Amino acid sequence: MFEASLLAPLSKKVELILLCFFSKIYILDVLIPFVVFTSALASFNHSNFSVFPFISNSKNGLSFNVFSNSNSNKKFKLAKSYLEQKEYVKAEKIYLELAKKKDVHAIYNLGYLYMEQGKIIEGEKYYKMAADMGYDDAMFNLAMFYDRQKDYDKEKFYLEKLAAKNQNDAIFQLAIIYRQERNYQKADELYKRLLKEKYQESEVFYNLGISCYYQKKYDEAETYFLKAIELGNNDDPKYNLGILYKVQGKFAQAKKYLIPLTQKGKVDAMINVGAIYRDEKDYSNAKKYYKMAMDRGSREAEVEYNTILIMEEHGI
């Protein structure tokens with residue numbers, strides 16, 4: 001940390017620090033990532049699909065087929081039992097036999113079986129086979145697989161197919177991709193389409209708010225964040241609303257939403273509240289919140305804390 005008591009008249013180093021300060025390089029005006037209120041794509045609470053590596057959306061966790069042949073039905077149940085017990089070799093043998101008969105459920109579960117064992121090439125092959133046969137779960141799991149591989153063109157390919165079938169989980173994920181590509185108009189169209197279906201409304205309003213924020217449609221963003229807060233029980237919309245007010249210079253409103261989050265230990269909120277007090281020239285409170293963030297290991301807060309010490313030392 002800089003020692004304020006040892007500072008001489010402004011040096012080049014101090015001038016550089018103050019330049020960064022006044023240009024606000026440090027400000028964390030970055031919104032929470034625009035996904036559902038979870039941190040990872042694969043942890044979405046999908047209502048219609050299984051997300052890789054789960055097998056399907058049936059109640060017992062395994063894809064099931066209605067066989068006209070009772071013998072095939074018994075074999076499928078046996079393979080299911082083996083798969084649940086992670087006896088992959090035995091399950092694989094039965095699924096391969098059923099796959100030769102073009103049974104899409106067996107083909108799909110082969111994809112899962114191989115993915116579960118880390119046999120990515122084989123897993124992708126059988127998921128593709130099931131997807132080509134029109135199996136929705138396979139398409140979605142492939143899309144999530146390609147998302148993890150950062151192969152977004154292939155991910156979009158399968159999501160578009162599902163969106164054409166009005167599969168809401170796919171539409172939601174597709175909207176995220178469009179916004180990542182800064183195609184806000186297309187993303188917003190998809191989100192509004194989901195709202196008509198009353199699909200995960202709090203998350204959709206939240207994501208619409210972020211989209212409007214990046215388009216500088218601040219009034220609309222405010223409306224959507226407030227709606228997300230009303231419908232949800234997560235702090236992310238509150239944080240983003242605070243940031244929205246902050247970038248507009250509405251500091252009192254920003255603090256209303258950000259200060260409670262500092263009390264919950266949110267470091268980014270501490271830094272931003274510190275920045276607000278700094279801009280209000282309330283250096284005592286600014287240092288208070290920067291110190292809170294410093295105590296939690298924030299390097300950004302340490303830089304800003306010491307910048308204020310420099311400013312105070314030089315009467316700025």
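The expected span of a helix is 1.5 Å times one less than its number of residues. With that in hand, here are some close-up views of this predicted model.

**View 1. Helix 4 and its length.** Helix 4 covers residues 104–116, which gives it 13 residues. From its first C-alpha to its last it reaches 18 Å, close to the 18 Å expected at 1.5 Å a residue. Twelve of the 13 residues are buried, so that helix 4 is mostly covered. Among the buried residues are Val104, Tyr108, Tyr112 and Met115.

View 2. Just after helix 4 you will find glycine 118, with a positive phi of about 80°.

**View 3. Helix 15 meets helix 16.** Here helix 15 (residues 283–294) and helix 16 (residues 299–313) have axes that come within 8 Å and cross at roughly 150°. Because of that angle, helix 15 is roughly antiparallel to helix 16. Their crossing is left-handed. Residues that meet here include Tyr283, Lys287 and Tyr290 from helix 15, and Glu302, Tyr305 and Ile308 from helix 16.

**View 4. Lysine 86 in its loop.** Look for lysine 86 in the loop between helix 2 (70–84) and helix 3 (88–99). Although lysine 86 is not a glycine, its phi is positive, at about 60°.

**View 5. Lysine 150 in its loop.** Lysine 150 sits in the loop between helix 6 (136–148) and helix 7 (152–163). This lysine 150 is not a glycine either, yet it has a positive phi of about 60°. Lysine 150 is exposed, with a relative accessible area of 60%.

Notes
Residues numbered from 1 in each chain as written. Predicted model: local features only at pLDDT ≥ 70, side-chain atom pairs only at ≥ 80, totals over all residues. Heavy atoms only, no water. Helix = DSSP H or I, 4+ residues; strand = E, 2+ residues; numbered from the N terminus. Buried < 20%, exposed > 50% of the residue type's maximum accessible area, 1.4 Å probe, protein only. Axes fitted to C-alpha atoms, helices over the stretch in contact; angles between N-to-C directions. Parallel < 35°, antiparallel > 145°, perpendicular 65-115°, else oblique. Left-handed = near helix turned anticlockwise from the far one by under 90°. Contact = heavy atoms within 4.5 Å.
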